[in-house]
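Good morning, and thank you for coming.

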Amino acid sequence: MKRYLLPFFIVLLFSGCAQNTPLENALQLARHNQEELIKVLEYYKKEPGDSLKYKAACFLIENMVG
């Protein structure tokens with residue numbers, strides 16, 4: 001019985017790690033607009049001086065769901 005507990009706990013541990021972030025969920029739900037949203041994120045991610053703009057874009061995209 002004990003030898004079955006270790007694989008069970010390993011599966012349980014890794015199943016908790018596979019959750020998506022709110023940003024990933026929003027991008028998945030965007031479907032047809034996903035490419036456009038990714039372009040926006042990549043645009044603001046390029047410039048280190050635009051880190052606040054990148055965070056703002058992430059916030060807006062995350063909260064577009066629903």
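The accessible surface of this protein comes to about 6,000 Å², and carbon and sulfur atoms account for 62% of that area. Please keep in mind that we are looking at a predicted model. The protein has 66 residues, of which 15% are buried.

Let me turn to the secondary structure. There are 4 helices and 0 strands, so that reading along the sequence gives the pattern α-α-α-α. Helix 1 covers 2-17, helix 2 covers residues 22-30, helix 3 covers residues 34-46, and helix 4 covers residues 51-62.

How are these helices arranged against one another? Two packed helices are described by the angle between their axes and by the distance between those axes.

I begin with helix 3 and helix 4. Because an angle over 145 degrees counts as roughly antiparallel, helix 3 is roughly antiparallel to helix 4. The crossing of helix 3 with helix 4 is left-handed. On the side of helix 3, the contact is made by Leu37, Val40, Leu41, Tyr44 and Lys45; on the side of helix 4, it is made by Lys53, Tyr54, Ala57, Cys58 and Ile61. Sorted by class, this contact of helix 3 with helix 4 contains 8 nonpolar residues, no polar residues and 2 charged residues.

The second pair is helix 2 and helix 3. Leu23, Leu27, Gln28 and Ala30 of helix 2 meet Gln34, Leu37, Ile38 and Leu41 of helix 3. In this contact of helix 2 with helix 3 there are 6 nonpolar and 2 polar residues, with no charged ones.

Helix 2 contributes Pro22, Leu23, Ala26 and Leu27 to the contact, while helix 4 contributes Cys58, Ile61 and Glu62. The residues in the contact of helix 2 with helix 4 divide into 6 nonpolar, no polar and 1 charged.

Which residues does Leu41 touch beyond its neighbours within four places in sequence? Leu41 belongs to helix 3, and it is in contact with Leu23, Leu27, Tyr54, Ala57, Cys58 and Ile61. Of these, Leu23 and Leu27 are in helix 2, whereas Tyr54, Ala57, Cys58 and Ile61 are in helix 4. The C-alpha atoms of Leu41 and Cys58 are separated by 7.3 Å, although the two residues are 17 residues apart along the chain. Is Leu41 buried or exposed? Its relative accessible area is 8%, and because buried means under 20%, Leu41 counts as buried.

Next, consider Glu62, which takes part in the contact of helix 4 with helix 2. Glu24 is 38 residues away from Glu62 in sequence, yet the two are 8.2 Å apart in space, C-alpha to C-alpha. Glu24 lies in helix 2 and is partly exposed, with a relative accessible area of 39%. Thr21 is 41 residues from Glu62 along the chain, and their C-alpha atoms are separated by 9.1 Å. Thr21 sits in the loop between helix 1 and helix 2, and is partly exposed, with a relative accessible area of 39%.

Finally, I draw your attention to one residue of the backbone. Where is Arg31? Arg31 is in the loop between helix 2 and helix 3. Arg31 has a positive phi of about 50°, although it is not a glycine. With a relative accessible area of 64%, Arg31 is exposed.

To close, I return to Leu41, a buried residue of helix 3 whose contacts include Leu27 and Cys58. Thank you for your attention.

Definitions and conventions
Residues numbered from 1 in each chain as written. Predicted model: local features only at pLDDT ≥ 70, side-chain atom pairs only at ≥ 80, totals over all residues. Heavy atoms only, no water. Helix = DSSP H or I, 4+ residues; strand = E, 2+ residues; numbered from the N terminus. Buried < 20%, exposed > 50% of the residue type's maximum accessible area, 1.4 Å probe, protein only. Areas by Shrake-Rupley, 256 points an atom, 1.4 Å probe, with all protein chains shown as cover. Axes fitted to C-alpha atoms, helices over the stretch in contact; angles between N-to-C directions. Parallel < 35°, antiparallel > 145°, perpendicular 65-115°, else oblique. Left-handed = near helix turned anticlockwise from the far one by under 90°. Contact = heavy atoms within 4.5 Å. Nonpolar A, V, L, I, M, F, W, Y, C, P; charged D, E, K, R; others polar.
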